[in-house]
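This report goes through selected features of the structure shown below, beginning with a sheet, moving on to aromatic rings and ending with a single side chain.

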Amino acid sequence: DRVNDIKQDSKGNFWIATGSLLGGGGLAKYDVAGNNWQIFTYLNSNIKNDAVGDIVINNNDEVWIGYFVSGVAKFDGTNFVNYDLTAIFNDDSLSLEQSGMVQGIDFDKHNNLWIATTNGLVKYDGVNFMRYQTTNGLIGPSNPWIWINGVESVLCDRIKDVVWLGTYDAGLQKFDGTSFTQYHMQVFQWGGSFFDKVNQIYFDKDSDIWITGYGVVEFDKNSMAKKSIYTNSNGLGDALVWGISIDQNNKLWIGSDYLNGLFMYDGSSWHTFDASNSGLPDHCGVCGGPTNHVENILTDKYNNKWLSTFTGVVIYREGGVILGNNDKPKSDIHIDFFPNPTHDYLNVISNMTYDRIEIIDYTGKIASVKNGANVIDVRNLSAGIYLVNFYNRSNRIYQKKFVKN
């Protein structure tokens with residue numbers, strides 16, 4: 001149930017990395033349209049290790065995975081081709097976890113595979129592996145105490161042809177193929193020292209660069225000046241955060257490091273989703289305690305947020321989750337309101353019969369449920385923007401927005 005990463009291929013299938021250093025897990029494929037699961041473990045395939053941490057899908061729809069401690073593998077649809085990284089780390093007298101645990105993988109425009117590990121950045125060009133560490137260009141932390149070559153994440157800019165990497169305590173770094181350039185997070189200070197840990201890297205629709213760690217920072221894509229900074233001192237619900245996504249409504253979604261759930265910034269204020277106010281699970285069967293850790297966030301074309309958590313995959317969408325084509329509103333249905341905005345009643349004009357109405361507030365909660373009447377009483381609702389879901393039997397047939405004055 002520990003989910004580390006979720007990716008979607010061009011056919012709409014979701015690929016889910018599960019497992020931990022404690023064991024268990026594997027790679028799961030979920031076909032949404034057919035509601036079918038396919039599970040790959042060392043018991044039913046030639047996957048090398050069931051502890052799968054990361055996934056990347058290249059332009060040929062080949063699925064590559066990063067094992068926690070055993071290198072990487074390519075899945076061609078039938079078999080896994082395993083690549084062991086042990087040989088390039090055999091000069092170190094560190095533990096297995098410290099000497100090369102895979103933290104992230106991505107492809108550049110030349111189809112080179114870049115691998116973030118706890119002991120350096122690794123490039124695979126299809127023939128050879130090359131490791132970058134502090135002895136050959138990687139910039140280390142100013143106050144090294146552990147994992148001086150630690151790389152937490154990697155993301156390739158295929159337009160500018162550069163590689164971005166988040167480090168354990170040496171900030172965000174850009175590698176242009178020749179040299180590394182460092183950009184500091186430095187938004188959280190404790191004991192007189194700044195922490196420069198970067199967990200995730202994300203490009204928004206304008207190609208600005210976002211990072212998570214001890215806070216959230218947005219960098220301007222051209223000047224690399226800090227445009228936005230969010231920490232637990234100005235609204236963010238946790239000091240250390242991981243997953244990040246910006247959805248189709250331009251809302252910023254951030255995942256807690258451990259206990260505090262999911263955070264959403266709507267442009268003016270922060271909102272927290274946890275077990276006390278939503279369906280987000282709060283119990284970890286492995287660790288035996290409460291947890292709301294959100295490792296990664298994937299927003300799909302329906303604006304569903306797919307969350308990687310320690311208690312499985314959690315899917316959230318304001319107004320209700322949409323899975324597959326069967327739930328899409330049909331073009332031959334027409335439903336309208338008047339007046340809109342309103343302060344008391346909505347009159348409904350429709351060419352379809354509906355049995356039930358759900359009114360959803362801006363946080364995604366159901367504010368009211370009505371029968372299939374053509375007049376909706378909204379006098380008891382607070383002022384704001386609402387979505388209305390119309391249902392015919394159990395199927396949602398339409399969704400429309402209204403404003404309550």
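## Basis and sheet

Two strands are taken to pair if DSSP finds at least two bridges between them, strands being DSSP runs of E of at least two residues, numbered from the N terminus. The model is predicted, so that local features need pLDDT of at least 70 and side-chain atom pairs count only at pLDDT 80 or more, whereas totals for chains, interfaces and linings use all residues. Residues are numbered from 1 along each chain as its sequence is written, and side-chain values use heavy atoms, with hydrogens and water left out.

Four strands form an open sheet in the order β5-β6-β7-β8, and their pairing is antiparallel. Because β5 (52–57) and β8 (80–83) stand at the edges with a single partner strand each, one side of each is left without a neighbour in the sheet. Between β5 and β6 (residues 63–67), which run antiparallel, there are five bridges, and Val56 stands opposite Trp64 in β6.

## Aromatic pairs

Rings of Phe, Tyr and Trp (for Trp, its six-membered ring) pair if their centres lie within 6.5 Å, and planes under 30 degrees apart count as stacked, over 60 as edge-to-face and the rest as tilted. By this rule there are 30 aromatic pairs. One of them is the edge-to-face pair of Trp64 and Phe107, with 5.6 Å centre to centre and 75 degrees between the planes. Since Trp64 lies in strand β6 and Phe107 in strand β9 (residues 102–107), this pair ties together parts that are 43 residues apart in sequence. Both Trp64 and Phe107 are buried, a term that means under 20% relative accessible area, with exposed meaning over 50% and partly exposed in between (1.4 Å probe, protein chains only).

A tilted pair is formed by Trp164 and Tyr183, at 5.9 Å centre to centre and 40 degrees between the planes. Trp164 belongs to strand β14 (residues 162–167) and Tyr183 to strand β16 (residues 180–183), so the parts tied together are 19 residues apart in sequence. Trp164 counts as buried at 4% relative accessibility, as does Tyr183 at 17%.

Lys197 is placed in the loop between β18 (193–195) and β19 (198–203), and its relative accessible area of 9% makes Lys197 buried. Its side chain makes a polar contact (a pair of N or O atoms within 3.5 Å; within protein, one must be able to donate a hydrogen and the other to accept it, and residues adjacent in sequence count only if both atoms are side-chain atoms) with the side chain of Glu152, at 2.6 Å. A polar contact of 3.2 Å also joins the side chains of Lys197 and Asn199.
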